[in-house]
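Welcome! Take a moment to look over the sequence and the fold below, and then we will walk through a few parts together.

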Amino acid sequence: MDDSYIYVIVALLPLAAVILTIQVDPYKALVVRGILGAIAALVYAVLGAADVALTEALVGTMLAIALYAIAVRSSLVMRIGVLDRELSQTKDADTFADLRTIAKKYHLRLELLPYPDPESLQQALMAKEVHATCKERSPTDLQDFEPEGQRYHTTIRIRRLHNILQTELTLPATCLTYTPVPDLGDEH
């Protein structure tokens with residue numbers, strides 16, 4: 001009996017592992033992780049370890065993928081706080097279209113969270129409920145800044161998001177500001 005197919009199946013393990021490590025899209029990485037687990041279960045089954053193969057298939061593949069999917073889905077979110085009135089005014093406009101494009105490029109889901117007034121918007125940023133705030137600049141703010149046409153002011157509390165938006169944002173209507181938010185535990 002020719003057992004050369006075992007070598008081919010076993011060779012797929014490191015190949016799938018290398019493909020997994022070079023994935024940028026977390027959802028594609030989940031699919032490759034599932035394939036890697038299925039190949040490992042197949043190798044165990046072919047080599048006669050049916051109990052290990054079943055454990056790998058159930059726990060190592062199905063359960064792990066389900067938990068990873070939940071973690072990826074909940075962690076790849078960029079929450080931006082906006083004022084209620086601005087959200088209703090800009091729903092159809094392309095004000096947030098550029099932000100959505102950037103978020104999609106980095107596999108983030110953009111959530112716009114409405115707040116009733118600027119104070120609660122700022123409080124949400126300081127309480128780390130949102131990653132950034134975006135609000136229309138007042139006429140007095142517009143006089144204080146040089147750039148023409150910057151209607152919106154976006155304050156970001158995460159340095160990496162600020163760097164991404166600073167390099168990727170093509171909409172000149174937004175002024176970006178990075179504001180570090182101290183941890184509440186550091187105030188002893």
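A residue counts as buried when its relative accessible area is under 20%. Keep in mind that this is a predicted model.

Let us start with helix α2, which covers residues 26-46. Its buried residues are Pro26, Ala29, Leu30, Val32, Arg33, Gly34, Leu36, Gly37, Ile39, Ala40, Ala41 and Val43. What covers them includes α1 (4-21) and α3 (50-75). How far apart are the end C-alpha atoms of α2? They are 30 Å apart, which agrees with the 30 Å that its 21 residues should span at 1.5 Å a residue.

Both ends of α2 are worth a look. Aspartate 25 caps the N-terminal end, with a side-chain oxygen 3.1 Å from the backbone nitrogen of tyrosine 27. After α2 comes glycine 48, which has a positive phi near 95°.

| Strands | Sense | Bridges |
|---|---|---|
| β1 (residues 77-83) and β3 (residues 132-136) | parallel | three bridges |
| β3 and β4 (residues 152-156) | antiparallel | five bridges |

Threonine 133 in β3 is a handy landmark: glycine 81 stands opposite threonine 133, and threonine 155 is its bridge partner in β4.

Finally, find leucine 165 in helix α8 (residues 159-168). Is leucine 165 buried or exposed? Its relative accessible area is 2%, so leucine 165 is buried. Leaving aside residues up to four places away in sequence, leucine 165 touches Leu99, Ile102, Ile156 and Leu176. Leucine 176 is 11 residues from leucine 165 in sequence, and their C-alpha atoms are 8.1 Å apart in space.

Conventions: Residues numbered from 1 in each chain as written. Predicted model: local features only at pLDDT ≥ 70, side-chain atom pairs only at ≥ 80, totals over all residues. Heavy atoms only, no water. Helix = DSSP H or I, 4+ residues; strand = E, 2+ residues; numbered from the N terminus. Expected span 1.5 Å × (residues − 1). Buried < 20%, exposed > 50% of the residue type's maximum accessible area, 1.4 Å probe, protein only. Contact = heavy atoms within 4.5 Å. Polar contact = N/O pair within 3.5 Å; in protein donor to acceptor, adjacent residues only side chain to side chain. Pairing = 2+ DSSP bridges.
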